[in-house]
Amino acid sequence: MVSFVVSPMKLVSLGVMLIGTILSVSSEETVGVWLGLELNLYGFLVIMNPDGHYSPEPCVKYFVVQSTGSILMLVGFVALMEQHVVSGLVMSSAGTVLKSGVFPLHSWVPSIIKNSSWLASGLMLTWQKVAPLVFLSMIMPSKGLWVVIVLMAGIGAAGGLNQNSVRVMSAYSSFVHTSWMLLGLTWSSVVFVGYFAVYSLSVGLFFYGCSMMNKTSMGGQISSAASGMGLLMLMGMPPFLGFLAKVLVFLMSGSVVIVACIMGSVISLKFYIDFFYSMVMKSSVDKNKVEFKIMWSMVIGANLAGGALILVSFI
C-alpha cells in the first residue's frame with residue numbers, strides 16, 4: 001500500500017503556483033502577466049525542494065534562469081510603455097523564450113530536469129509552460145513562431161536519441177510536444193488546451209510509474225501499467241489519446257510547419273520504443289497475471305472512451 005504525505009507548505013506553494021499562472025493567462029495588462037509569472041516562480045521554487053532532501057543545484061539554476069527572464073521581460077515592458085516598440089518586443093520576447101525553455105534559449109531545461117524530483121520535473125514540463133507559451137504566442141510574429149516550432153521539433157527528436165536518463169529523454173521529448181502545442185495555440189486555444197491536457201496526463205502517468213517502480217509487488221504492477229500507458233500516450237500511438245491530440249492539431253493547422261512536427265514525432269518514436277521495450281518487456285512483472293491483464297484492459301478502454309468523448313465534443 002502506497003501512502004502519500006502532503007505537507008501544508010506544499011499545498012500553499014501549489015496554490016500560489018496555480019494562482020500565478022491563472023493571473024498571467026487572464027491578465028490584460030503586462031504588469032499582471034509579469035506579476036503572475038513571479039508568483040508562479042516563488043510557489044514552484046518551494047515545490048522543487050520542500051524538505052531539503054534534494055540537491056539545491058537545480059533549484060538555484062532554475063531561479064537564476066527564471067529571474068533573468070523576468071528582468072528581460074520587465075525591461076521590455078518598460079520600453080513598450082516608453083513607446084520603444086521594436087526594442088520592447090525584442091526584450092520581452094527574449095525573456096519569455098528564456099522562461100518557457102524554447103529555442104534558442106532551451107539548453108537549461110535538460111540539465112535542470114535531470115537533477116530534479118519527479119514531481120518538480122513533471123510540473124516543469126507541463127504546468128510551468130502554460131503562461132509563457134500563451135504570452136509568447138501573443139507577442140511573437142507568426143514567422144518567428146514557425147521558426148521556433150520547426151527547430152524545437154528537430155532539436156527534441158535528435159537530442160533524445162542517445163539519452164540514457166529517463167528525465168533527460170523526457171525533457172527532449174517535451175521539445176517535440178511543445179512544437180505541437182505552439183502550433184495548436186496559433187490556430188485554436190481549444191486545441192491547445194486539449195493537447196496540453198492529454199500531454200500533462202501522459203507525463204503524470206509516466207513519471208508516477210517511474211517514481212513508484214519496484215517499491216512493492218503491487219506497486220510494481222501499478223507502476224508498470226501507469227508508465228506504460230503514459231509512454232504510449234506520449235508516443236502518439238493509436239488508439240491512445242496522444243494520437244487523437246495530434247490528429248486534432250493536424251486537422252486545425254493550415255501551415256506546412258505541421259510536417260516538421262510530424263517528422264519530429266516519427267524520429268522520437270525510436271527512443272520511445274527503446275525505453276518501452278526495456279521498461280515493460282524486460283519487467284519483472286508477470287505478464288500472465290490476471291491483475292496485470294485487467295489493468296491494461298482498463299487503461300486501453302479509458303483511452304478509447306476519452307477519445308470518443310473528445311471526438312463527440314468537436315462534432
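**Salt bridges and helices in a predicted model**

Tutor: Let's start with Glu57, which is partly exposed, with a relative accessible area of 39%. Keep in mind that this is a predicted model.

Student: Why is Glu57 called partly exposed?

Tutor: Its relative accessible area is 39%, and the class runs between the buried limit of 20% and the exposed limit of 50%, so Glu57 belongs in that class. Lys61, at 33% relative accessibility, counts as partly exposed too.

Student: What makes Lys61 and Glu57 a salt bridge?

Tutor: Their closest N and O atoms are 3.1 Å apart. The rule asks for a Lys or Arg side-chain nitrogen within 4 Å of an Asp or Glu carboxyl oxygen, so the pair qualifies. Both residues lie in helix H3 (residues 57–81), four residues apart, about one turn of the helix.

Student: How many salt bridges does this rule give?

Tutor: The count comes to two. Lys270 forms a salt bridge with Asp274, and there the closest N and O atoms are 2.9 Å apart. These two are four residues apart in helix H13 (residues 258–281), which means about one helical turn separates them.

Student: What makes Lys270 and Asp274 buried, partly exposed or exposed?

Tutor: Lys270 has 45% relative accessibility and Asp274 has 41%. Each value falls between 20% and 50%, so both count as partly exposed.

Student: How do you know that the span of H12 is close to the expected one?

Tutor: Helix H12 (residues 241–252) has twelve residues and reaches 17 Å from first to last C-alpha, against 16 Å expected at 1.5 Å a residue. Its buried residues include Leu241, Lys246 and Val249.

Technical notes. Residues are numbered from 1 along each chain as its sequence is written. This is a predicted model: local features need pLDDT of at least 70, side-chain atom pairs count only at pLDDT 80 or more; totals for chains, interfaces and linings use all residues. Side-chain values use heavy atoms; hydrogens and water are left out. The expected span of a helix is 1.5 Å times one less than its number of residues. Buried means under 20% relative accessible area, exposed over 50%, partly exposed in between (1.4 Å probe, protein chains only).
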